[in-house]
Amino acid sequence: QVQLVESGGGLVQPGGSLKLSCSASESITTFSAMGWYRQTPDFLRHLVAVITSNGRATYGDSAKGRFAISRDNAQNMIYLHMNNLKPDDAALYYCYFQRRGVSDEDKYDYWGQGVQVRVSS
């Protein structure tokens, strides 16, 4: 029943910036992890950034130093600030949330529908 809706994608020139947003239908404080993955034309999904419930952020190698993940608990939203974009950053970006059950092995993954990011001059 969890719904995630991304926005903010589009076309930018190399070196430009974009801010992606993901709105959740439920309180984001109930999720153990929240973040962003991107899917390249080979349909593989790569970690971009994830923030855990305790506020720790993890970035994929390609995102380090250029991207930043943030959250707004009151608005049930997370964001991805992308700076100095490169052509290799072009992809379909997915919002991702994870919720844990009672058991440590019970994990539930939720995905948005994706938002396209294009980087071209």
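A polar contact is a pair of N or O atoms within 3.5 Å; within protein, one atom must be able to donate a hydrogen and the other to accept it, and residues adjacent in sequence count only if both atoms are side-chain atoms. The model is predicted, so local features need pLDDT of at least 70 and side-chain atom pairs count only at pLDDT 80 or more, while totals for chains, interfaces and linings use all residues. Residues are numbered from 1 along each chain as its sequence is written, and side-chain values use heavy atoms, without hydrogens and water.

Arg99 lies in strand E9 (strands are DSSP runs of at least two residues, numbered from the N terminus). Its side chain makes a polar contact with the side chain of Thr30 at 2.6 Å. A polar contact also joins the side chains of Arg99 and Glu26, at 2.8 Å. Arg99 counts as buried because its relative accessibility is 18% (buried, under 20%; exposed, over 50%; partly exposed, in between; 1.4 Å probe, protein chains only).

Ser23 is in strand E3. Its relative accessibility is 30%, so Ser23 counts as partly exposed. Leaving aside neighbours within four places in sequence, Ser23 is in contact (heavy atoms within 4.5 Å) with Gln3, Leu4, Val5, Asn76 and Met77. Ser7 is 16 residues from Ser23 in sequence, with 8.4 Å between their C-alpha atoms.

The largest nonpolar core has 29 residues. Such a core is a set of buried Ala, Val, Leu, Ile, Met, Phe, Trp, Tyr and Cys residues joined through side-chain atoms within 4.5 Å. Trp36, Leu80, Met82, Tyr93 and Phe97 touch the most other members. Elements giving two or more residues to this core include strands E3 (18-24) and E9 (91-100).

Methods
Helices (H or I, at least four residues) and strands (E, at least two) are DSSP runs, numbered from the N terminus.
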